[in-house]
Amino acid sequence: MSRRLPEPVAVSGEQLGANALEVEGVSHSYGKRKALSDVSFHVRPASFCVLLGLNGAGKSTLYSLITHLYAVQKGTIRIFGFDVNRTPSEALRRLGVVFQARTLDLDLTVEQNLSYHAALHGISKREASFRAAAVLDEVAMAGRAGDKVRTLSGGQMRRVEIARALLHRPRLLLLDEPTVGLDVKARADILKHVRHLVGETGIGVLWATHLIDEVASGDNVVLLHEGRVIDQGHAAEVAARTGAPDIGAAFKKLTGVAGEGDRWDQP
Amino acid sequence: MGSAVTARQRREGFSLVQYLRCFAGIVWRETLRFWHQRERFVSALVRPLVWLFIFAAGFRSVLGVSIIPPYDTYVLYEVYITPGLVAMIELFSGMQSSLSMVYDREMGNMRSLLVSPFPRWFLLTSKLMAGTAVSLVQAYAFLAVAYFWEIEPPSPWGYLTVLPALILSGLMLGALGMLLSSLIKQLENFAGVMNFVIFPMFFASSALYPLWRVREGSPWLAFLCELNPFTHAVELIRFAFYEQVNFLSLAVVLGATIVFLATAIIAYDPSRGILTRREGP
């Protein structure tokens with residue numbers, strides 16, 4: 001899982017210095033229930049940002065807004081400067097997503113799934129099979145290209161989903177709880193691979209999780225709790241600000257809730 | 001961060017070729033899924049054949065069909081109900097694809113379609129056309145079996161002239177299914193669609209009995225049948241099979257297709273649709 005990915009296509013015309021993702025004052029309600037209130041943060045290109053929050057904190061709602069499944073009710077979301085509400089097409093083509101739920105077609109082969117995704121981005125068949133070979137190789141799944149997805153393990157499916165999300169060479173990658181339900185090794189592999197992508201290809205990554213041990217001290221962290229951003233910045237900074245030994249303890253202190261993950265159990 | 005959209009940003013857009021690739025990809029996936037669910041194909045074929053071989057044979061002597069357009073002679077009951085059964089295949093196919101959309105939504109597959117950068121109306125219309133293409137295969141397979149039962153159009157051209165009618169009615173019923181899929185919250189609710197959509201639509205139509213017969217029994221029911229777009233899908237197919245056009249039915253089917261599809265697109269629109277108002281994709 002270490003060979004070089006093809007460089008992202010040079011997307012000319014994008015504003016130099018634009019953030020990969022910019023969320024500004026976003027609020028969202030389902031009827032009377034408020035899911036997000038005044039959420040603001042950004043993700044720089046070539047950076048790994050962790051959106052940390054417990055289940056129900058509003059992470060999935062936020063992802064639904066960024067992927068334009070719902071329209072943004074209040075505030076703005078921009079991907080490389082393109083407003084998701086106003087120019088969804090331009091925003092979405094720069095975005096790769098790995099959803100929390102499995103979204104591969106179980107009855108189709110790995111290759112067919114990728115090929116369908118390529119078509120949804122207007123990529124030709126020939127180009128698609130060329131790219132599919134490269135991205136599958138990258139996640140060490142090249143040997144399973146012809147197999148039905150149904151026969152893969154959970155970790156392998158996730159790797160295929162990551163490969164698929166990169167097929168159209170996005171510049172921002174969103175992952176929603178990508179390691180849930182995976183064993184320790186598969187989790188570590190996937191985390192390592194995505195971190196590697198950031199360094200190699202300069203892609204911006206927003207990694208949503210409730211597992212504190214997935215945060216490294218150099219990561220940018222956005223702490224989401226009950227629909228609000230309660231703190232953000234470098235993990236070490238946030239911890240220092242809170243006067244806690246690490247980000248896990250900081251989160252616990254800020255929210256008053258214990259979450260999951262290895263370090264949570266240690267006082 | 002100062003990243004307001006400036007003139008320097010270039011929108012890339014998509015070329016016509018890319019639109020076609022996307023469309024072809026959606027049709028291809030639908031075809032593959034259809035291929036993987038062969039039992040669905042068999043059951044889609046068995047259902048109308050049971051009606052044809054058992055129901056129609058039994059009713060043959062009970063229900064005589066007089067000479068009504070497009071028929072210029074007395075026809076056997078089997079011949080009369082064949083267009084209705086073809087429409088039934090399309091009705092079930094349309095509902096099936098809406099069922100699969102609800103399923104896709106629950107399973108998350110719908111999301112991979114909806115994060116495509118192509119406009120949503122285009123994605124949904126492509127999906128609708130893909131579903132219709134699959135229903136055409138089923139309809140022609142049924143007509144092929146019926147041919148060996150000696151149910152055939154007056155001339156072989158009928159198989160060709162019925163094609164546009166099949167496409168149009170398939171689109172209408174698929175669009176109806178898509179609209180329903182946007183309204184149904186969960187898969188479990190789908191049984192209700194069976195009871196409240198498929199059966200009433202099928203029975204309150206001219207599929208099994210000519211409307212003048214219905215009118216003898218109950219004028220208001222006949223009126224209801226005339227309002228039923230499914231009746232017009234059946235009549236459009238019936239006339240087309242005889243190389244004729246029923247203009248009233250054509251207009252109704254065309255109008256209903258547009259209304260159903262437009263409403264479905266609005267329902268799936270992120271800013272206006274029902275998706276926004278409830279949780280979950």
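## Helix packing in chain A

The crossing of H3(A) and H4(A) is right-handed. In this predicted model, helix H3 covers residues 110-120 of chain A and helix H4 covers residues 125-138, and the two pack at an angle of about 125° with their axes 9 Å apart.

On the H3(A) side, the contact is made by Val110(A), Glu111(A), Leu114(A), Ser115(A) and Ala118(A). H4(A) contributes Lys125(A), Ala128(A), Ala132(A) and Leu136(A).

## Overall form of chain A

Chain A contains 8 helices and 10 strands. Its radius of gyration is 18 Å, close to the 18 Å that the globule rule gives for 267 residues, so chain A is as compact as a globular protein of that length. The C-alpha trace of chain A spans about 55 × 40 × 35 Å along its principal axes.

Of the 267 residues in chain A, 49% count as buried. Among contacts in chain A with a separation of 6 or more, 68% are between residues 24 or more positions apart.

## The sheet of chain A

An open sheet of 6 strands in chain A has the order S6-S7-S8-S3-S9-S10, with mixed pairing. Strand S6 (95-98) and strand S10 (228-234) are the edge strands, each pairing on one side only. From one strand to the next, the twist averages 15°.

Several of the pairings are parallel. Strand S7 (residues 172-176) of chain A pairs with S8(A) in the parallel sense over 5 bridges, and Leu174(A) stands opposite Leu206(A) in S8(A). S3(A) and S8(A) also run parallel and are joined by 5 bridges; here Val50(A) has Trp207(A) as its bridge partner in S8(A). Strand S3 (residues 48-52) and strand S9 (residues 220-225) of chain A pair in the parallel sense over 4 bridges, with Leu52(A) opposite Leu223(A) in S9(A).

How many residues of strand S8 (residues 204-209) of chain A are buried? The count is 6 of the 6, so strand S8 of chain A is largely enclosed by the rest of the structure. In a regular strand, side chains alternate between the two faces of the sheet. Gly204(A), Leu206(A) and Ala208(A) point one way from S8(A), while Val205(A), Trp207(A) and Thr209(A) point the other way.

## Helices against the sheet

Helix H7 (residues 235-242) of chain A lies across S9 and S10 of chain A and runs at about 115° to S10(A). Helix H8 (residues 247-255) of chain A packs on the sheet, where it touches S3, S9 and S10 of chain A; the direction of H8 makes about 25° with that of S9(A).

## A helix pair in chain B

In chain B, the axes of helix H1 (residues 16-36) and helix H5 (residues 120-148) come within 9 Å and cross at roughly 40°. That angle makes H1(B) oblique to H5(B). The crossing of H1(B) and H5(B) is right-handed. Residues of H1(B) in the contact include Tyr19(B), Phe23(B), Ile26(B) and Phe34(B), and those of H5(B) include Phe122(B), Lys127(B), Met129(B) and Val134(B).

Lys127(B), found in helix H5 of chain B, is buried, with 23 other C-beta atoms within 10 Å. Lys127(B) and Ile266(B) are 139 residues apart in sequence, and their C-alpha atoms are 15 Å apart in space.

Definitions and conventions: Residues numbered from 1 in each chain as written. Chains lettered and ligands numbered in written order. Predicted model: local features only at pLDDT ≥ 70, side-chain atom pairs only at ≥ 80, totals over all residues. Pairing = 2+ DSSP bridges. Axes fitted to C-alpha atoms, helices over the stretch in contact; angles between N-to-C directions. Contact = placed C-beta atoms within 7 Å. Rg over C-alpha atoms; globule rule 2.2 N^0.38 Å. Buried ≥ 20, exposed ≤ 12 C-beta atoms within 10 Å, placed from the backbone. Left-handed = near helix turned anticlockwise from the far one by under 90°. Parallel < 35°, antiparallel > 145°, perpendicular 65-115°, else oblique.
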